[in-house]
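Biologist: I have a model open and want to learn how to read it. Can we go through it feature by feature?

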Amino acid sequence: MIEKFSTIDQWPDKQKQGMKRRTFLKLASAACVVAGMPVLNLPSGSLALGATGSDNRYVRKARYWESKAHKQIQCKLCPRHCVIDDHERGYCGVRENRGGTYYTLVYARPVTYHMDPIEKKPLFHFYPGSMAFSIATAGCNLNCKFCQNWEISQVTPEQVNSFYMPPEKIARAAKDYGAKSIAYTYNEPTIFYEYMYDTAIAGHKEEVKSVVITAAYIEKEPIQKLCAVVDAIKVDLKAFSEQYYKDVVHGELKPVLEAVEAIHNRGRWLEIVYLVVPTLNDGEKEIKQLSRWIKRNLGPDVPIHFTRFFPQYLLKNLPPTPVETLDRCKAIADAEGLHYVYVGNVPGHPAENTYCPRCGNVLVERIGFTVKAMKIKNGRCPYCGTRIPGVW
Amino acid sequence: MNRRKFLKKSVLFGSAFWLPRLLPASESIPQDGKSKVVIARDRQVFKNGRVNGDRVLALLDEAMQAYFNVDVPLRAWRKIVHPGEVIGIKVNCLSGRGSTHRELAEAVVERLLQAGIRANDIIIWDRLNKDLEEAGFHININGKGPRVFGNDAVGFAPELYVFGQAGSLLTRTLTNLCDGVINIGLLRDHSIAGVSISLKNLFGAIHNPNKYHLNAGDPYIADVNAFLPIRRKVRFTIVDALEAQYHGGPAYMPPWRWKFNGLIIGQDRVAIDYTGWQIIETKRKEAGMKSLKEEGREPTYIFTASDKKHGLGYSNPEWIETIHIRSG
């Protein structure tokens, strides 16, 4: 049974007094590891109902849009470029046209917050063993058929309970709980861009980093601007085929690749996750093309995680990815010369560890989300001195 | 002067003004006769610029009697609803002033009461309370009389319904509260899907309509209408065509609205959408505008809804019988 948390301020006084920080973190971590799911404060048996309604605390003028005739607006945040009539919302469901001005409806409106190990994002080359104060709002600008968080990503803000947590409060909470970073995750943070951006700035004031977990279906300008205020970005690259993006994700590959290149060119730490879905995006040719693209455009030092799929949401007719398939993907990427190729969602797999690309020694030993040993010193392999890229 | 009324039966062949798309190869030939659509119009439904509720009720009665070939409206309604049931009325309040006319909803309520449905067992519903209020309805969740509320008042049932490309939660109003639903759509174009008439009105039953406008709503609109509770519970459609809109929808756009003075009714939502689509195209042509296809938003979902996989009705004009009623 997952412990249900309300906002920090709403924590019952009795429990607040009795609960030490260590206990809170232990409970939070246990909940995360067991379920890996955001906590939803739901009435039993149904999505939450208008709990926060049209509270204007959450409404802010949006960025990246332009006016059109007849009070229409066109959003420019993501490549969909939704054209939105007055009173309507775009594909993401959380940005609304009101009288010809475009607003975000989820500013300071997270539906969940958790303390997660950074390895859960996964980010393997960014302060291993540290904790990330993870937040998400409702909404998403995609509709992946395998989404494990669809109950928050595919809903509107009115359909799920949320909290009022302005950026400064998030930053303060992250600092108080000893998080190294704030993670914008679970749903697609592109759609809560303004909140994420301001929270990253607030976090830096508290000396807390920011990491973004994104599908990178975002226009170039906003992602470039975002790179200036965050510290690491993990991109979920769903496939290396336009057809898959169209059929399974309802997006496009090309702008995602452009966004990934933009992140890399701005010097933000970047890691890539490729969720391997049996029969749909696990072809040898596709993996080879992906690996070559990464090496050519990003370099061999960008880590890639081939992650195991489990049946979810609208893709329950497929089996979990065979581990042999993940091994094959890793072998292809290794053969193409990528230096840091991981296998994800297979606790105990040797490819969860970080190895020196030169001498082959284990540098970071992991089991699941737990770091058992961290041997990198001053950003280098302690055995042969090779520089290991990352943020240590 | 007595009100003149005449009945005219016509069958749409080749859709008089626009060539129909080639039929999907998979569309099946109807076994049990044609789908019937009644278009009832009365120039006097508006009086001094306002809707005349009495005329709307009278027009509704004529349309229902014609559809079911009966002499008394109660007999028509008794073919759709039964005493003791809970009946939902799905209105469309997305467009503020361009929303379902309250007078039409009241007319339906009046006839449901006469048909033996208890007042408190009538639920007028749409997506959001605020939309209903902006359209002139008074929210009544637990009080006496017909209830009026949005999906946000009752939430969504936890079961994920999946058909084709669509996967959605459904409002508890539909899944848990109603035995049957009267679907009151609007006659208007839609800037993405082409038209939004009766099939698309059921987007108001799902939790994620924003996700289903890609590719002009095709196949999503058809897929959503194929969800079992929608397929089973939506019993009848009455399209509020007192006013209609041929461009700029679904937003309320006065320059492109006209008084059609009518109702379009039937049980086959596909046939109704096809019929309404032709009306809109005719008006667009009169206004010198491009067809929806030329604008890249042909409502192909209508044909998808009629294919074998969906089987929601007939889009072939050869299998649609249209009855025209003109009053006043």
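Modeller: Start with the domains. The C-alpha centres of domain 1 and domain 2 of chain A lie 27 Å apart. Domain 1 covers 60–104 and domain 2 covers 112–374 of chain A. Such bounds come from an automatic or database domain assignment. This is a predicted model: local features need pLDDT of at least 70, side-chain atom pairs count only at pLDDT 80 or more, and totals for chains, interfaces and linings use all residues. Residues are numbered from 1 along each chain as its sequence is written, while chains are lettered from A and ligands numbered from 1 in the order in which they are written.

Biologist: How many residues does each domain of chain A give to the contact?

Modeller: Two residues are in contact if their C-beta atoms, placed from the backbone, lie within 7 Å. Here domain 1 of chain A gives 15 residues and domain 2 of chain A gives 18 residues. The domain 1 side divides into 8 nonpolar, 2 polar and 5 charged residues. Ala, Val, Leu, Ile, Met, Phe, Trp, Tyr, Cys and Pro count as nonpolar, Asp, Glu, Lys and Arg as charged, and the others, Gly among them, as polar.

Biologist: How many residues of chain B and of chain A are in the contact between the chains?

Modeller: The size of an interface is often given as the accessible area lost when the parts come together. Here we count residues: 23 from chain B and 22 from chain A. Helix H5 (residues 151–154) of chain B supplies the largest share of the chain B side, 3 residues. By class, that side has 11 nonpolar, 8 polar and 4 charged residues.

Biologist: What is the secondary structure of chain B?

Modeller: Helices (H or I, at least four residues) and strands (E, at least two) are DSSP runs, numbered from the N terminus. Chain B has 10 helices and 15 strands.

Biologist: How much of chain B is buried?

Modeller: A residue is buried if 20 or more other C-beta atoms, placed from the backbone, lie within 10 Å of its own. In chain B, 58% of the 328 residues are buried.

Biologist: Which strands of chain A form the open sheet?

Modeller: Strands of a sheet pair through backbone hydrogen bonds, either parallel or antiparallel. Two strands pair if DSSP finds at least two bridges between them. In chain A the order is S15-S16-S17, with antiparallel pairing. Strands S15 (354–355) and S17 (370–374) of chain A each have a single partner strand, so one side of each is left without a neighbour in the sheet. S15(A) is joined to strand S16 (residues 362–367) of chain A by 2 bridges. A:Tyr355 has A:Val362 as its bridge partner in S16(A).

How values were computed
A residue is buried if 20 or more other C-beta atoms lie within 10 Å of its own, exposed if 12 or fewer, and partly exposed in between; C-beta atoms are placed from the backbone.
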